[in-house]
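Please look over the sequence and structure shown here before reading the report on helix packing and charged pairs.

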Amino acid sequence: MSKKLLLIISVLLMGCACKQPTKTQDVSSGIDVPVFNADSAYQYTANQVSFGPRVPNTPAHVACGNYLADALRRFGAEVIEQETTLSLLDNTPIQIKNIIGSFQPENKNRVLLFAHWDSRPYADNDPNPDNHNKPIDGANDGAGACAALLEIARQTGIKQPAVGIDIIFFDAEDWGVSNPNIASRHYGQWCMGSKYWAQNPHIPNYTAKYGILLDMVSAPGAQFYKEYTSVSNAPHVVKKVWEAARATGYDSYFVNENGQQIEDDHAQVIKYRNIPCIDIIQYDSLGSSGFGAYWHTLDDNMNNVSKETLQAVGQTVLYVLHHEK
Ligand SMILES: [Zn+2]
């Protein structure tokens, strides 16, 4: 993710290896919420990482894009693959693909879920300078969030909520300049894929009630603060999600405090589509970057993926979706 810090403002743990239960009941409302399966989400993360870094213009990127689109289709979504060519700052062309999966496409009452599926082309935050030009696995920064959405897609194929769901995997999120002192590579910009889609949606005049972005939602012990752009543009969605986390017993992950403003894909969707969106994104107030010591390093790999964190986020989002009217 484009981690550009702009402004400082201020368990009930269900077992992951659920063998039988397929739903959980919210006693207060009588609504059955499907149980998010973190084993599946972990495997979907590993599957993406196994292709190698998902950097545009590489075979691994093409293969993983096909995997994601095929998985959405298999889970029952109608899939549109939006492909185009964008340019890096030095005018190098890159082939990108935004992948859109829609459930109940005829339903006008829609919720948008999104994440970025590309991985960063350079480990420019790595402590070893020799690694600065190497691409990262992006297990947490990319794959984990897409995996959580794939598991939500699988659950949606089994049991539909009242609302229609669109899941978008945005490409080319992670090309921005993070360390201007390291310039020996092709830099691009943050959020290029989401900007392209927001300006050229897969359906003319596409809209949704609101959107939820997942970014870096799979690291052990991750904590999510109320991101500034989210609070500014979609306070009702922040409230809804944080209340859902409390209702499902995951409030230790969803901290009841405001956090940084982070430049991320949600800002593009807010700006160009006028859809209120929030960003569920890890923030580590003790880390030098704010995003964990492994952020934009070669250590952003499967060793830093937690089923418990995936469970907390996935179950919270499923709760929100199944309480939506
Ligand atoms: Zn990133």
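Does Asp 39 count as buried, partly exposed or exposed? At 26% relative accessibility, Asp 39 counts as partly exposed, where buried means under 20% relative accessible area, exposed over 50% and partly exposed in between, with a 1.4 Å probe and protein chains only.

The model is predicted, with local features needing pLDDT of at least 70, side-chain atom pairs counting only at pLDDT 80 or more, and totals for chains, interfaces and linings using all residues. Residues are numbered from 1 along each chain as its sequence is written, and side-chain values use heavy atoms, with hydrogens and water left out.

A search of the whole structure finds 11 salt bridges, each a side-chain nitrogen of Lys or Arg within 4 Å of a carboxyl oxygen of Asp or Glu. Three of them are tabulated below.

| Pair | Closest N to O |
|---|---|
| Lys 307 and Asp 39 | 2.9 Å |
| Arg 154 and Glu 151 | 2.8 Å |

Lys 307 lies in helix H8 and Asp 39 in helix H1 (residues 38-50), so the pair ties together parts that are 268 residues apart in sequence; helices are DSSP runs (H or I, at least four residues), numbered from the N terminus. Arg 154 and Glu 151 both belong to helix H3, three residues apart, and Glu 151 is buried, with a relative accessible area of 0%, whereas Arg 154, at 23%, is partly exposed.

The axes of H3 (residues 139-158) and H8 (residues 307-322) come within 10 Å and cross at roughly 45 degrees, the axes being lines fitted to C-alpha atoms over the stretch in contact, with angles that run from 0 to 180 degrees between N-to-C directions.

Terms used. Helices (H or I, at least four residues) and strands (E, at least two) are DSSP runs, numbered from the N terminus.
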